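Keep the viewer open as you read.

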Amino acid sequence: NKRRRAPPPHLVGSVFVPAESPAGAWQNHGERYNHAERVAAGELTDITTLARWRSDGRARVTTPPGAPEVCATVRMLTWRQPVYVGGRYLKRARGVPQAPWIDSETGVTIGEGSVQTSLDAVVSRAFRADGSKLNAAGREDIDVRMLGGGRPFILEVHNPRRPNAAATAEARAAMEAAMEAADGGAVAAVDIHVTDAAAYRAMHEASEEKEKEYTALCWAEKPLTLEDELRLSGIKDLQIQQSTPVRVLHRRTSMTRPRTIVSCRCERVPNATRFFTLRLKTQAGTYVKEFVHGDFGRTRPNVGEMLGCAADIMQLDVTDVVMDFANGEFK
């Protein structure tokens, strides 16, 4: 019973309770806590009770208290409020995860760096910060590039010792140039600006309502005809049912989600009739890879069903995240 600061009922009784037992420790703690509360409230303390506590060793109290024998040491640490830096990042290389990826069983790092470490290396150095945390409008797979206008992101910069490092246009341009020069421009950023905590929290909510555009290089088991090309190009506002893909079942809830393919344009690859390019615009949260190959029938309808043969995806690029995000504002 924490509210009354007393031991549980089954530990209370007329039986002698040794001070070193659990019940004795509980009772000792409760009495000392109640005494501290009375002293803090300015109430008088019963001298008889204090004498009893001193005699049984439960309180090291002298009346009146003696002079302190040691000096107190006080250590004060200062911590600046975070600064929030937004922009859009570009990932021009495959094999780069969005966040550092370490295999939980082997401890081996997967991929070549990460988007987060590339952004953090420049921004944290400019702000002389202890580090940062990335919040982006969704994420792409490690083998997928992020091209076009880039993906909106906000970095929460921790303990910045130069909080005004991005106050001028010249300073922001210098950050963008530094990212472009690092690692051959594998990860870069544009439209860097300072925003606030409200935008950082709103990033996830806004990302759920966005649309994304993709370019996918695909393969079909049979040579594609003009009729096949026109059939796929005629897709508009197609609602599909996607069960959680097999590849992410270990970390996502198994359920079926409706998703919309807003538009699709198909182009056959010249002199390679089994290969074709799809330019897609989809609702947020659509698994494009599974829409192409069907994921063992877990996504329906899918491109393979529409063509009447097996289909698969060779390469995938995100070409745009349709979200108005500038100067820390979502529109």
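Start at Tyr84, which is buried at 10% relative accessibility; here buried means under 20% relative accessible area, exposed over 50% and partly exposed in between, with a 1.4 Å probe and protein chains only. Before going further, note that this is a predicted model, in which local features need pLDDT of at least 70 and side-chain atom pairs count only at pLDDT 80 or more, while totals for chains, interfaces and linings use all residues. Residues are numbered from 1 along each chain as its sequence is written, and side-chain values use heavy atoms, with hydrogens and water left out.

The whole structure holds two aromatic pairs, where rings of Phe, Tyr and Trp (its six-membered ring) pair if their centres lie within 6.5 Å, and planes under 30 degrees apart count as stacked, over 60 as edge-to-face and the rest as tilted. Tyr84 and Tyr200 form a tilted pair, with ring centres 5.4 Å apart and planes at 50 degrees. Because Tyr84 sits in strand E1 (residues 83–91) and Tyr200 in helix H5 (residues 197–207), this pair ties together parts 116 residues apart in sequence. Helices (H or I, at least four residues) and strands (E, at least two) are DSSP runs, numbered from the N terminus. Tyr200 is buried too, at 12% relative accessible area.

Tyr89 and Phe153 make a tilted aromatic pair as well, 6.3 Å centre to centre with 50 degrees between the planes. Tyr89 lies in strand E1 and Phe153 in strand E5 (residues 145–158), so parts 64 residues apart in sequence are tied together. Tyr89 is buried at 0% relative accessibility, and Phe153 at 1%.

Both of these residues are touched by Leu119, whose contacts (heavy atoms within 4.5 Å) also include Leu134 and Met179. Leu119 is among the residues that touch the most other members of the largest nonpolar core, which has 59 residues. Such a core is a set of buried Ala, Val, Leu, Ile, Met, Phe, Trp, Tyr and Cys residues joined through side-chain atoms within 4.5 Å. Helix H3 (residues 115–127) gives this core its largest share, six residues.

Now turn to helix H6 (residues 226–233), where Asp228, Glu229 and Leu232 are buried. Seen down the axis, they fall within an arc of 100 degrees, so they line one face of the helix; the arc is that of the directions from the helix axis to the C-beta atoms. Glu227 and Leu230, on the other side of H6, are exposed.

Conventions:
Lists of a residue's contacts leave out its neighbours within four places in sequence.
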